Amino acid sequence: MQSTTHTKKITDLLRCYFIMGTTNAGMRDPLAILEAALKGGITCFQLREKGNGALSGSEKKAFAKNCFSLCKEFDVPFIINDDVELALEIGADGIHVGQTDAAADLVRPLVGQDKILGVSVASLEEAQIAMEASADYVGMGPVYQTVSKEDARKPAGTEAIRTVHRAFPELPIVAIGGLTAANLEPAILAGASGASVISAIAGAENPFSAAAGVRHAAENALYVRR
């Protein structure tokens, strides 16, 4: 079990959790989107470089380093999705794995206790396994329909979040899937510590304002839940 202080730190970084890869940026500069989002107040950034047209090899590494440098400027944790080798090579703040990626109990020994470990889960059983693997937080969803992930499951609503939060109240949860500033409140009232978004920021005309809006909505919902 993680300390109360550690858990509080993790829940804070989950408030406005931005996920993006180059394929989510469309024709725009993904680094410009990330910088705008950082200025707008995102609390964590995850590089998820997957799908058709995604970078690989040296190009992916170079892009990851540039993202990491931007995050350092704003003191925002930088997480890499799935690619443990790259995360270790560039010294990323953490790694996030899904149920079809490397098992969390195998990843934790590789990255050590100092790195943030996030795990995507969809049930109470998966959440318990993630906890036993010393995951720092779990991602749960999709809450609503999403087009940002090619492998996204059908919307699950907020009931799974509520169930896991009731069973493991000290386990930080970040909700994901079709979330926006306008619709994230139910997920947080159900027990999530924050909202994880892709298109709500990456696809916004003004990523700065979009990020600020998501963070403000999340903090308002957390205040209501108290």
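Visitor: Before we look at the strands, which rule decides that two strands pair?
Guide: Two strands pair if DSSP finds at least two bridges between them. Strands (E, at least two residues) and helices (H or I, at least four) are DSSP runs, numbered from the N terminus. This is a predicted model, in which local features need pLDDT of at least 70, side-chain atom pairs count only at pLDDT 80 or more, and totals for chains, interfaces and linings use all residues. Residues are numbered from 1 along each chain as its sequence is written, and side-chain values use heavy atoms, with hydrogens and water left out.

Visitor: Which strands pair with β1?
Guide: Strand β2 (residues 44-47) pairs with β1 in the parallel sense over four bridges, and Tyr17 has Cys44 of β2 as its bridge partner. The chain runs from β1 through helix α2 (residues 30-40) to β2 in a right-handed β-α-β crossover; right-handed here means that, with the strands pointing away from the viewer, the path from the first strand over the helix to the second runs clockwise. Strand β8 (residues 194-197) is also paired with β1 in the parallel sense, over three bridges, and there Phe18 stands opposite Val197.

Visitor: Is β1 buried or exposed?
Guide: Five of the five residues of β1 (residues 16-20) are buried, so the strand is largely enclosed by the rest of the structure. Buried means under 20% relative accessible area, exposed over 50%, and partly exposed in between (1.4 Å probe, protein chains only).

Visitor: Which way do those residues point?
Guide: Cys16, Phe18 and Met20 point one way from β1, while Tyr17 and Ile19 point the other way.

Visitor: Turning to α2, how does that helix pack with α3?
Guide: The angle between α2 and α3 (residues 57-73) is about 20 degrees, and their axes are 10 Å apart. Axes are lines fitted to C-alpha atoms, for helices over the stretch in contact, and angles run from 0 to 180 degrees between N-to-C directions. The two helices are therefore roughly parallel; angles under 35 degrees count as roughly parallel, over 145 as roughly antiparallel, 65 to 115 as roughly perpendicular and the rest as oblique.

Visitor: Which residues make that contact?
Guide: Among them are Leu31, Leu34 and Leu38 of α2, with Phe63, Cys67 and Leu70 of α3. Contact means heavy atoms within 4.5 Å.

Visitor: And what about α2 with α10?
Guide: Helix α10 (residues 207-225) packs against α2 at an angle of about 40 degrees, with the axes 7 Å apart. This pair is therefore oblique. Ala36, Ala37 and Gly40 are among the α2 residues in the contact, and Phe208, Ala211 and Ala212 among those of α10.

Visitor: Changing topic, where is the cis peptide bond?
Guide: The cis bond joins Gly141 and Pro142, with omega of about 0 degrees. Pro142 is found in the loop between β6 (137-140) and α7 (159-167).

Visitor: Which residues have a positive phi although they are not glycine?
Guide: Asp75 has a phi of about 55 degrees, and Ser134 one of about 65 degrees. Most residues other than glycine have a negative phi. Asp75 sits in the loop between α3 and β3 (78-81), and Ser134 in the loop between α6 (124-132) and β6.

Visitor: Are those two buried or exposed?
Guide: Asp75 counts as exposed at 71% relative accessibility, whereas Ser134, at 27%, counts as partly exposed.
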